[in-house]
Every structure is written in structure tokens, then in C-alpha cells.
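Good morning, and thank you for the time.

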Amino acid sequence: MSITNRTVRLARRPVGMVTAEDFTIADEALEEPGEGQFRVRLDYVSLDPAMRGWMNDAKSYVRPVRLGEVMRAYAAGIVDVSNHPDFKPGDAVTGLFGVQRYAISDGRAVARADTKIAPLQTWIGGLGMPGVTAYFGLLDVGKPKAGETVVVSAASGAVGAIVGQIAKVLGCRAVGIAGGPEKCRRVVEEYGFDACVDYKGGALAEDLRAACPDGIDVYYENVGGEVLEAVLGQMNTFGRIPVCGMISGYNATEPSPAPRNLRSVLVNRLTMRGFIVFDFAERYEEAITALTMWLGEGRLKMPEDIREGGVDAYPDVLNLLFTGGNQGKLILKL
Ligand code: NDP
């Protein structure tokens, strides 16, 4: 017996910001799971900046989503039918299930969500991929030491908010960069950063200098372009720049001229290293254990921005990431 599944399939390769026409959103028949498979009724889909890159036909760290394919996405839900020995109906799970109402899985790369520790959606947020990204990018790539100044861009977002809070746990000075006074207020008052600079305020370099009187030792890069240029001008000798993302360029149709001061990497002997969270796949448990502990101790907040509208709202809600319309981990409720 089949059920009706609502899916979002990539219809064409977007140029600039996505539009509804880039996708086919429709009801489809979904067959019962086969032997060794189970079906998940998805409740939450994670909206990630990387999705925009996955839509491009370009060399990257994963293959592009194919035209006609269900849009790749992390999602969380509850197993409702199972022919798999290790998963039973009622199990809460997360995985790369796609932007759709139901998914069929063979259990590979599926994680369990312990809803006694945190609500289901947090397992695709602060205790899922974004939290783990913050953890390894800061600790393993940024290597901050107590007393150092850590700057993070997109500081009020899913990854950035956690980076700054971990920096505080480690005894660092945490300085955020975010868009607008309200986001900056939250970064300081709610997430406990020492300062936050509004990059839309018109005086980024000056404001950053005032917020970082001892210079910058670690810059956790989420944005790229002009923000990177401003930070590069204030890095301390032997500083580290974990390159997590460069969101300012994800919808760009022309390359950004900034940063124009990469010479700073040479003269300050900086280490600038890109990473993808998958690089740490063998160690996810370590990150989740630490994040869970800090969450339980009240030292970590995991802001979530949950939007209604089901899979049909996917294109509009995704764009919030690129207009700064989200406040914390952006999640689509199905
Ligand atoms: P966020 O929750 O931080 O949302 C994105 C935020 O980026 C927006 O709210 C906006 O905040 C900011 N932003 C958008 N466009 C621009 C722009 N043109 N210039 C400056 N800021 C901009 O998203 P995530 O936490 O999920 O992702 C943050 C970064 O981490 C992204 O670059 C993403 O690609 C990267 N990432 C990398 C991973 C990896 O494995 N390397 C894994 C996960 C995420 P504001 O209003 O402050 O401008």
C-alpha cells in the first residue's frame, strides 16, 4: 500500500537567490519500505546555507543535487513503519532525509535523537550538524587558548552563536560580528559574548578595533568578502582562521573583490584552514557529549528559528538565511 508524500525536487539550477520556480513541489505516491528499510515521518527540516551550493553544478565536497532529485537536507522525524532490525516505530531519528514529508531509509548515516536530553529539532541544530561544526571548527582548527580573542561572524546564527559561547567556556574573549543592532544585542545579552559589532553599521573596522583592543587571535569565518577583509587587517601574529563558510558569496553571480589584503596571512604568519564537518565524522560523539554537557550545565544556548508552512514554504524560508531574516538555527516545521 502506498501513501502520499509531498516532495521538493530541484527543477533547475538557480541563478542568485532561489525562487519557487527552481523547484517542483508536488504530491507523490510513496511505496512501503522494503526489507531492511524503514519509513520516517519527518517533522523538521534543517535549512542550511550549504544547500545553495549543493544546487550548483560545480565541483565541491559533495556531488551537486541532480535535477529532478529530492532536495538534499538534514531532517528529523519519527520512524512509523520498519522492516529494519535496529529501528522500530516510534524511534526519533535524524539524517540526510531530504525536503519531503516522508523518507525511506536503510539506516545508513542515520542518528538517534534522545528527546529526553533535548527536543527533536535540536538534534538537527545545536546538537546536530551546526553544533558539531562549531565545536570542531573552533577547537580543532582554531585552537583557541584561554585569554585569547576569538571573533566569529554570522554570530547570532546556528553555528556562530555556539562558537562564541564555547569560546567563553574556554576562557577566551568572544566578539561577534552580526547584522543589525537587535542581533548584536542578543549576541551579547542572551549568548554572553563580550561584544558584538554590527557590520551593517558603516564602521566595521573601527568598531572591530574598539571591540578587540588586543587584536584578534582566532577568527571563525562564516561570511567572507568585506567582513574577512576587515578582520584580516586586525589579526595578531600566528593567528588562526578556521574557514567554515563564506555565505556572502553563495548567491553571487560575480566574484567578490574582497579580501584585498591577503598579505596579512604572510606578514602575520596566519594559519587559514578550510574544513567541512564531515572531516570529523569519526569524532561526532565527542562533540555531542561536550555540547550536551554544556547545555545541561546552562552554559550553552542553542537558538532556534522554527518556521511554519510545510515543504511548500522551502524556497522562501531558505532565502531568510541570505537576507539575515533568521535568528538562530533555521528550521522548517512540517
Ligand atoms: P546562520 O544561522 O548563521 O544564518 C546565516 C546568517 O549569515 C544570516 O542570518 C546572516 O546573519 C548571515 N549572512 C547572510 N548573508 C550575509 C552576507 N552577505 N554578509 C554577511 N553575513 C551574511 O547559518 P549557519 O549557522 O547554518 O551557517 C553559518 C556558516 O557556517 C555558513 O557560511 C555555512 O555555510 C557554514 N557552515 C559550514 C559547515 C562546514 O562544514 N564547513 C557546516 C555548517 C555551516 P546577519 O544578519 O548577521 O548578516
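I begin with the lining of the largest cavity, where 4 residues are nonpolar, 2 are polar and 1 is charged. In this classification, Ala, Val, Leu, Ile, Met, Phe, Trp, Tyr, Cys and Pro are nonpolar, Asp, Glu, Lys and Arg are charged, and the others, Gly among them, are polar. The lining is made up of Gly125, Gly126, Ala158, Ile162, Met302, Pro303 and Lys329. The space in this cavity is about 30 Å³, and the count of cavities of 30 Å³ or more is 1.

The terms are as follows. On a 1 Å grid over the protein atoms alone, a cavity is a set of points where a 1.4 Å probe fits but cannot get out, a pocket is an open set with protein on both sides within 12 Å along at least five of seven lines, and lining residues have an atom within 4 Å of a point. Points are joined across faces, edges and corners, and the volume is the space filled by probe spheres set on them.

A word on provenance. This is a predicted model, in which local features need pLDDT of at least 70 and side-chain atom pairs count only at pLDDT 80 or more, while totals for chains, interfaces and linings use all residues. Residues are numbered from 1 along each chain as its sequence is written, and side-chain values use heavy atoms, with hydrogens and water left out.

Now the chain as a whole. It has 9 helices and 15 strands, taken as DSSP runs numbered from the N terminus (helices H or I, at least four residues; strands E, at least two). The C-alpha trace spans about 65 × 45 × 35 Å along its principal axes. With 334 residues, a compact globule would have a radius of gyration near 20 Å, and the chain agrees, at 20 Å. That radius is taken over C-alpha atoms, and the globule rule is 2.2 Å times the number of residues to the power 0.38.

Next, the second largest pocket, with about 770 Å³ of space. It is lined by 32 residues, of which Tyr74, Thr94, Gly95, Ala109 and Ala111 are the closest to its centre. Elements giving two or more residues to this lining include β5 (92-95) and α2 (129-142), while α8 gives the largest share, 4 residues. By class, the lining has 20 nonpolar, 7 polar and 5 charged residues.

Which residues come nearest to the ligand? They are Gly179, Lys183, Tyr199, Val277 and Asn326, out of 27 around it, where a residue counts if one of its heavy atoms lies within 4 Å. For Asn222, a backbone N or O atom lies 2.8 Å from an oxygen of the ligand. Of the 910 Å² of accessible area that the ligand has on its own, the protein covers 91%, by the Shrake-Rupley method with a 1.4 Å probe. The shell comprises 17 nonpolar, 9 polar and 1 charged residues.

Notes. A polar contact is a pair of N or O atoms within 3.5 Å; within protein, one must be able to donate a hydrogen and the other to accept it, and residues adjacent in sequence count only if both atoms are side-chain atoms.
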